[in-house]
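Here are a few notes to read alongside the structure. Keep the 3D view open and check each point as you go.

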Amino acid sequence: MKKSDLAARLQSQTGMTGKKSQELLDTVLDLIKETLVAGDDLRISGFGSFEVRKKAARKGRNPQTGATITIEAKRSISFKPSIVLKESINKK
């Protein structure tokens, strides 16, 4: 499913116009992005939680040359689904 498909489903389930549903979806995604960029965790009840994790700088190897390199520190995002979502996915 693509973002446009999600906006179309939002439109059909809420009765909004296509433009309004796209704007709403964009707003929600922007709020999620802003929260994560700020370094805050995001928990959505019944769906799951997004967590910003910090990875320290570390040594690595260039696979082509074998030379030792330093991999810079960075932040990454992890997602942990809620129990409700896990159960919903696994229902038959």
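1. Start with a definition. Two rings of Phe, Tyr or Trp count as a pair if their centres lie within 6.5 Å. Planes under 30 degrees apart are called stacked, those over 60 edge-to-face, and the rest tilted. Please keep in mind that this is a predicted model.

2. How many aromatic pairs does a search of the whole structure find? It finds 2. One is formed by Phe47 and Phe79. Their centres are 5.5 Å apart, with 50° between the planes, and the pair is tilted.

3. Phe47 is in the loop between E1 and E2, while Phe79 is in strand E5, residues 74–81. The pair links distant parts of the chain, 32 residues apart. Phe47 has a relative accessible area of 37%, so it counts as partly exposed. Phe79 is partly exposed too; its value is 35%.

4. Now take Phe50 and Phe79. Their ring centres are 4.8 Å apart and their planes meet at 45°, so this pair is tilted. Phe50 lies in strand E2 and Phe79 in strand E5, so the pair ties together parts that are 29 residues apart in sequence.

5. Is Phe50 buried or exposed? Phe50 is buried, because its relative accessible area is 18% and the cut-off for buried is under 20%.

6. Phe47, Phe50 and Phe79 form one aromatic cluster. Phe79 pairs with Phe47 and also with Phe50.

7. Next, the strands. E1, E2 and E5 make an open sheet of 3 strands, in the order E1-E2-E5, with antiparallel pairing. Which strands are at the edges? They are E1 and E5, and each pairs on one side only. On average, neighbouring strands of this sheet are turned by 20° against each other, direction ignored.

8. Zoom in on E1 and E2. E1 covers residues 42–44 and E2 covers 48–55. The two run antiparallel and are joined by 3 bridges. Leu42 stands opposite Phe50 in E2. Phe47 lies in the loop between these two strands.

9. Which residues make the nonpolar patch? They are Ile44, Phe47 and Phe79, and the patch covers about 240 Å². Patch residues need over 30% relative accessible area. Phe47 has 37% and Phe79 has 35%.

Conventions. Residues numbered from 1 in each chain as written. Predicted model: local features only at pLDDT ≥ 70, side-chain atom pairs only at ≥ 80, totals over all residues. Heavy atoms only, no water. Patch = residues over 30% accessible without salt bridge, like charges linked within 9 Å, V, L, I, M, F, W, Y side chains within 5 Å. Areas by Shrake-Rupley, 256 points an atom, 1.4 Å probe, with all protein chains shown as cover. Salt bridge = Lys/Arg side-chain N within 4 Å of Asp/Glu carboxyl O. Helix = DSSP H or I, 4+ residues; strand = E, 2+ residues; numbered from the N terminus. Buried < 20%, exposed > 50% of the residue type's maximum accessible area, 1.4 Å probe, protein only. Phe/Tyr/Trp six-rings, centres within 6.5 Å; stacked < 30°, edge-to-face > 60°. Pairing = 2+ DSSP bridges. Axes fitted to C-alpha atoms, helices over the stretch in contact; angles between N-to-C directions.
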